[in-house]
Structure formats: C-alpha cells, structure tokens
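Please keep the sequence and the model in view while reading.

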Amino acid sequence: MIKHVPVLLVAIPLVVAFMLPIIGMVNRTIRTITAGVAIVIIMVLSYLLIQDVMICKKIFYYMVGSPDPTALFEHGLTFPIRIALKIDQFSLLFIIMATTLSFLFYLFSSQYIEENERKNYFTVLYVCMVAGMMGMLIANDLFTFFVFLEILSISSSALVSFRTERKHPPYAGYKYMFVSSIATSFFLLGIAFLYAQYGSFNIDYLKKVMDGTVLDKIAIVMLILPLAMKCGVVPMHMWIPDTYSEAPAPISSMVKLGSLICLYGLFRIAFTFGSHVYVSYELGILFILFGVLSMFVGVTQALIQKDVKRLMAFHAVSQVGYMLLGVGVGLSVIKSGDASFAIYGKIAMIGGLFHVINNALYKGLLFLTSGIMVRHYKTRDLNVMHGLAHYDKFTALVFMIAALAISGIPPLNGFVSKLIIYESVFHYNPLLTLIAIFVSVLTLASFMKVFYSAFLGMPPERKPVEQPILVKFSMVILSIIIVAIGLFPQGIIKLLIEPAVNALATF
Amino acid sequence: MSAIILYITFVLLFTMGLFALIFKRNLIKIVIALNILDSGMNLFFITLGYRHNATAPIFTLLPWDTHITMVLPTPQALILTNIVIGFATTALMLGVAILTYRNNKTLDTRKLRGVEEL
Amino acid sequence: MRLISVVAIVVIFGFIFVGILHLHPIGEPVGNPRILYERPPLGIDTQGVTIMDDYFLRNGQVETGSNNIVASIVFDYRGFDTLGEATVLFIVVSSISMLFFTFLKSKSIVSAGVPRARQFPRIESRIITFGAFLMYIMILSFGIYLVVHGHVSPGGGFQGGSVMASATALLLISFYITRHMQRTRKIFSFFESLGLTIFIGMGFAGIGISFLYNFLAHGTTVFGKIIPFGPNPGYLISAGILPWLSLAVGIEVFFGLSLILVTLFHASGVKNNL
C-alpha cells in the first residue's frame, strides 16, 4: 500500500472536498471534522515517508494509471507516456511543512471564521488549496504542475475575497487572480517551447535529453519568471500587500504557504534544468539579485507602514529574499569546478531551505496574531491600537516569540537559519552579509514598533473576548515548534534539510 | 510557407493581450485581454501538433489508405484543459469584478485603492 | 511606468519571436509520421516510436479501446490532469456560491413574489417560452449525445456538459425563473458533487493496480470490447472506464455551469448593495 502514497496525498483531500458540499447540507460539525481528518491523514502519510525517503534514501515514483505504477517506462520505451509523480527528499521536506502547517492553520480557522452557510464553501476551498499544494509538490510533470498551480491560485484568490461585504477584499482577490493568470500564461508558453522540441512534459526525461539550445534557455526563463512572480520577489511584488492584508488571517498564512510552494517549483526547475542548459551560474546571480532587492525594498517599505497587516506583508517579501540569497549562492557555485560548493555553497543552501521552514512557521504565526489584533481593535491602523497586553497576555507572548524569531534573536529558529546564511554568504561576498544583517536590524525595529503600539500603552477601552480553545491551541503548537527548532536545530537539519539539499544538488 | 501565418497570429494575439492587460484600466476589459492571451496560447499549442496532410486523431469511419498520417493528439488534450482553466479564471474574475463594482461603484483601476501605493 | 511596461512587452515579444524562429517548421513536428500504418492489428507495438504522441497514435486505440485518441489521452493517459481540471471547475462553482452568498439570501427582481409581467412586459410571450422549451429539449439531447459518444467521435464530458449548460442559460433568459432558488441550488450542488465523486471513485476502484487504472478495458463484459487497430464504425461498448469518466465529467460540468449561471442570474437582479 505504501507505493500508492504519492497519489493518495492528492486524492484524499480531493475526494473529501468533492463530498463536503453534501456533508455540509447535513451537518456542519461533521463537515468541519471530516475536512480536518482529511488533512490529518495526509499529514500522517507524509510522516510515514520520513523513514523510507529521508533515512533509507528511497525515491518514490508513481505513474498514474499504469499497469505497474512503480515502473518508469512501459513496454520497453525510453520515455514515459503517463503522468509521473515523484517524491524525493527535497519534495518531502516541503510536503511535511505544507501538511503540518495547513493542519494548524485549519485548526485556527475552524473556530476563527464565524459559522454560517458560507463556511461550507470556505472549508471546501481550503481543502482544495491543500490538494493544490500537494499536487504541485509531487508532480514530476510540467503540465500537471501547471494544473495544480491553477488550482492553488484560483482557490486562494476566492478565499482572499472571502469577506465580500467589505469594500476592498474583492478587488484584492481580483488583483491576485490577475497576477496569477499572467504568470500561468507565461508558464504555459515555457512548457509549449519544451514540448515542441522534445515531445514530452516529464521533468526527469527533459533533464536527460536537454542539450542547451537557444529555445531551452528561453523556455527556462519563461518557467522561472512566472514562479518568481508568484513568490512575490521584488520587481513583481505589487500584489503582495493587498492580497495579504485583505484576506482573513488564516488565509493570509495559507497564501504565504502557497507562495513558498511556488518557491519550491522555482528551486526545482532552476536546479534540474539549470546545469543542463549551462545557465546555472547566471540563474544563481539572478537569484542573488532578486534576493537582495527583495530584502531591501521589502523591509524599507515595511518600515513606513501604519497598517499592521500590510507591514507584515512587506516583511514576507523581505524574508523571501533571504531564501533566494542562500539558495542562489549555492546555485551560482554549484558548477564552478573548484571546492567552493563544498566549502560554503552547500551550507548556504542548507541555510536557505532551513529559512523556508522557519519563515513559514513564524510568518504564519504572525499573521494569525494579526487576525486576533484586528478582530479586537476592529481596525488595522497601528495608530489607533494600544495596550492589548494588559488583558490578553497570551497573544502578547505569542506575538513576542514570532516577532523575535523573524528578527533573528537567539534562541529562536530565525536566528539559526539567518546565522547559517550570514556565515556562508560571507565567503561568497561580504557585502551581501552586511546587507542581510542590516535588513535584519531593520526588521527588529519595525516589529518593535508593532509590539509597542499594539500591546503596550494605555489599557484598551473594552476587554478583549476570550479566544476559543482551538485558536489558542494552534498558536501554542506553532510557538512550541519555533522554540524547539531554535533550541535544537541540529536534529532537524540532519534529519530533513541535509538530505533535501543533497537531492537538490545532485543531477 | 503560408502556414507561418499561424505563428504570426499567435504572436499578434499574445502581444495584443499583453498590451491590453497592462494599459487598459477597466476591470472587464482586463478579463477580455486575458481571454485573448489564452486564445493565443491555445492556437500556439494546436499549431505545434500540426502535421502536413494529416487527419484528426479519430479512427471512427476514417477513410483508410496505407499512407494516412494523423496530427499529434496531446496538444489537443492539453488545450481542452487550458480552455476549461481559462473559462474558470474568466468566471471567477468576472464575479469578483461584479462585487468590486457593487462595493466601490467603479470599475476603473485608477480610482480603486492600492494602485498608487505600489 | 508606461515606458517600463512598453520596454518589458518589447523584450517579451523579442523572446517569443526568437523562440519561434528556433522551432521546428510548421507541419513537421518531432516524431515520425511514417510509422502509423505499419503495425499488427493487436498487441502493443513500439517499433521506431520516439515521442509519446506517436505512441498514442499507434497504440492508443488497441490499449484503451477508444477510437478517439484525444479522449484516450484526456481520460486515460493523462487522466490525472483531467481530475485537476474538473477540480478547477468545482472550485470556481464553490467560489461563485461563496462570493454571492449574501445575494442569494435576499430578494431578486427576477425571483418569485414580483409579478413578472410588470417587471418585464416584453418577455411574456407564448412564442418565446414555447420555442425555448423546444430548443431546451433539443440542446439537451445533443449534449447527452456528445457525452455518451465521447470515446468514439469528437466530443466528451466537457464539451457535452457545456452544451447542456447552454440550455440552462436559454431557459433562464426566456423564462426568468429563479423561483425555487434555494432548492434548485441544493439539487444542482448535490449532482455536481455526485459527478465528481463518481470520477474519483472510478480512480479509487482501480487502486488495486494503480490510481485511475483502466480496469474495465481488455475483454471484460462491461465496456470491454477488444478493438483491433484501424478504422471502424465505432462501438459504444468499448474503452473501459472512459465512458464512465466522460459521463461523470458531463454531469459535473452541466450542473456546475448551471449553478454558476443560476447564481449570477439571481445576483444580477439584487438591487441594493449588501
């Protein structure tokens, strides 16, 4: 049965999502529990794979619909004819992150979003979003990747405009959909260029037959730029603040998670095709450039914001920069021929990928706390807020943990990954490290501003309502993970990150 | 050689769609531009699968001779997917545009919030 | 800002232009068109096949039993994509229902309680309503034909479903009925979920071998007629799970698109901003 796990990761959320409208007509509690159970099942399945994939270094292939699903080629052919799914160490790292976090955000949303008939559709779209992420992570086929990218973006944009009775959310959803349809059009063009030359969509097969023609290079650009657009790196980040700030709090976290999944696609395509088309050095430089721009522009824009969610959204832009910086340094030296990859390139990649996980954790937690703040103050304006810590010590503590983690203060997880990035990038170019440290200091300053205005000061006029149990529970779990990773980073790096980097860097 | 007109049409459609996407300020016109872009993509995919003197890949009641060829079938299957996705995008964007108009009483992106504060 | 956009578009234009110059000439794609007719009537034959399209053309009919190679790709070889595609449609239907939720609760000028003759005096015509009813039946049967014959002739679930949904649109604009809004929406929603559940259920039914495996083809009594390579008049009882998947998609597309139409039609009649 374990050989079917790759397809079950997508099929179980989908089958539950298809039946949820019927279940929702019958009973709403059962509906909430069913959706939660589906996410728990795929979470458990992804944990079951750790032993096989991460420790025994086994790679799972699955040809959907084939008489023998684990055989790559049928009838003695040299190319795959069906859709291939693949789980290797790199994708399993992201699968574990996505399932765990979407389960925690689901717990939060199940009591945070008010209960009415509209919540049926909310749950349906949420589960579809999880299925879209899983599909992108397991796809070894460019067109399947494209289809699940569309599933992810359409369901996210509908959820972004969830609060239609307010003035701005529909336009935010429109903007997100607009950006992602442009991105996916170009992505499809890249796929078409590759198909015209080699007659296949399979990533592994394309990697084998690619020989670096001009068309290959154009196709790589067409595949990379849309995904960078969906991650919100700086020249293409205009949709980020609106989308993140208008969405409900758990959806902001989920959209952030989705953009990290797009980052997965970016890394996967850059590393798989880059060296075969002889552009890995140029791509590495491009990533570093994007990274530095994102870090700097994101944090400087965040400093001047008065709106708490917009501020956090700009920090999300700036955090993506760190990951691109770390992985870009690794990518640019991977083919250099000397020992620089072994000395610092690999460590930079470990830092970059570790930062992806850490960032998903604390950024999600920050968006969740912002939801509680906004619900209490009925506004997102920081100038109006004051003194929540007088009554709600819990939220203050959780926000403190997340804010210190994002600013890179020991002993929290953000410090570890940032330190790895600083140290390894210093070998490459000391100036980049200086910029990164400077950005980190600015991040701390801006979050101190938020903490001061939202939690300190005069007590608020009215007492906050007590948060429901699941809301608190999900936030506590997230804080515990953040502190635990910060205290014992060695274990998770050895278990999850290092195999992932090895899988990414071999070709 | 006259078949090159297919590629020319694709490039024209794609560039037209892109121009309209960037320079049109009306939410409905942007959706139309996206549809033009999508049509261009579909045309391109179909063109990639074209073979000279070939029939459609369907065997029912096919006049059979020994030199028959067929066009590539995969692009046709893929644009079926792409058409449905394009339809879905259009429906959702139009729905959201209706709501935007009801909430803001305008469809002009310059008057809607958030454009200047890039 | 305008200048940057123009420059960006010109750069993209240049990229596409250079890309097209390097493509294969039109009409001569990769692969080998000569190999199609040199094969035995039964069995899998991969002699000289270099790309997957030639494999499909050469073996698709024998392997899946479907005369329509495009249908065999859509539902068998790349069935997982089609599952994703059906999910996209499902997501859009759910999104439209969610976004227009507040509209559905309030009274529309096209719904019951308001005499139709006063609202739309021109529309009350016996010719229009009767003609629309006749057309409704004809369009619906054409759609059903397309769905059922998806594996032998051009057509299939998506095409037939959209044709059937256009009948719903005709019915809406000629009759202006959204009288039983809530009940209609529930029924449509139920059948839409049912169609998708059939689709993914067929996928799970083959999981003894693999997900979406065509377990009904190759000689079973249900839709398992073995078809030799070559032209034939078309047999309905072939192609294994393909007709079932096509039917499931047809149900889903018809009810899903109808749900979108009904919802937007109702919402267009709600006057106040909510």
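Predicted model: local features only at pLDDT ≥ 70, side-chain atom pairs only at ≥ 80, totals over all residues.

Is A:K378 buried or exposed? A:K378 has 7 C-beta neighbours inside 10 Å, and it therefore counts as exposed. A:K378 is located in the loop that lies between α13 (340-377) and α14 of chain A. Its phi is positive, about 60°, although A:K378 is not a glycine. As background, most residues other than glycine have a negative phi, and most peptide bonds are trans.

A second residue of this kind is A:K57, which is not a glycine and has a positive phi near 60°. It belongs to the loop between α2 (28-55) and β1 (60-63) of chain A. A:K57 has 12 other C-beta atoms within 10 Å, and so it is exposed. A peptide bond also deserves attention: the one from A:P410 to A:P411 is cis, with omega near 5°. A:P411 is placed in the loop between α14 (393-406) and α15 (413-428) of chain A.

A loop residue may also be buried, as A:F162 shows. This residue sits in the loop between α5 and α6 of chain A. Because A:F162 has 24 C-beta neighbours inside 10 Å, it counts as buried. When neighbours within four places in sequence are left aside, A:F162 is in contact with A:F122, A:P169, A:P248 and A:I251. Its C-alpha atom is separated by 25 Å from that of A:A454, a residue 292 positions away along the chain.

Chain A as a whole may now be considered. Its secondary structure consists of 18 helices and two strands. The radius of gyration of chain A is 22 Å, close to the 23 Å that the globule rule gives for 507 residues, so chain A is as compact as a globular protein of that length. Along the principal axes, its C-alpha atoms fill a box of roughly 75 × 60 × 40 Å. Of the 507 residues in chain A, 66% are buried. Among its contacts between residues at least 6 apart in sequence, 78% join residues at least 24 apart.

The predictor's confidence in chain A can be stated briefly. The mean pLDDT of chain A is 88, and 100% of its residues reach 70 or more. Among the elements of this chain, α5(A) has the highest mean value, 93, whereas helix α18 (residues 489-505) has the lowest, 87.

The next topic is the nonpolar interior. In soluble globular proteins, nonpolar side chains tend to be buried together. In this model, the largest nonpolar core contains 323 residues, and A:V127 and A:A402 have the most contacts inside it. Helix α6(A) provides the largest share of this core, with 20 residues. Not counting residues up to four places away in sequence, A:V127 touches A:P13, A:V16, A:A17, A:L20, A:A35 and A:A38.

Chain C has a secondary structure of ten helices and zero strands. Buried residues account for 48% of its 274 residues. Of the contacts in chain C with a separation of 6 or more, 70% are between residues 24 or more positions apart. One helix of this chain, α3 (residues 69-77), is mostly covered, since nine of its nine residues are buried. Among these buried residues are C:I69, C:F75 and C:Y77. The buried residues of α3(C) pack against α2 (52-64), α4 (79-99) and α10 (242-268) of chain C, together with α3 (74-104) of chain B.

That packing leads to the contacts between chains. Where chains B and C meet, 45 residues of chain B are in contact with 47 residues of chain C. On the chain B side, α1 (4-23), α2 (27-48) and α3 each give two or more residues, and α3(B) gives the most, with 15 residues. By class, this side has 31 nonpolar, twelve polar and two charged residues.

Chain A also touches chain C, in a contact that takes 53 residues from chain A and 52 residues from chain C. On the side of chain A, at least two residues each come from α1 (5-26), α4 (118-138), α5 (142-160), α6 (169-198) and α8 (214-231). The classes on this side of chain A are 34 nonpolar, 14 polar and five charged residues.

Definitions and conventions:
Residues numbered from 1 in each chain as written. Chains lettered and ligands numbered in written order. Contact = placed C-beta atoms within 7 Å. Helix = DSSP H or I, 4+ residues; strand = E, 2+ residues; numbered from the N terminus. Nonpolar A, V, L, I, M, F, W, Y, C, P; charged D, E, K, R; others polar. Buried ≥ 20, exposed ≤ 12 C-beta atoms within 10 Å, placed from the backbone. Core = buried A, V, L, I, M, F, W, Y, C linked by C-beta atoms within 7 Å. pLDDT = per-residue confidence, 0-100. Rg over C-alpha atoms; globule rule 2.2 N^0.38 Å.
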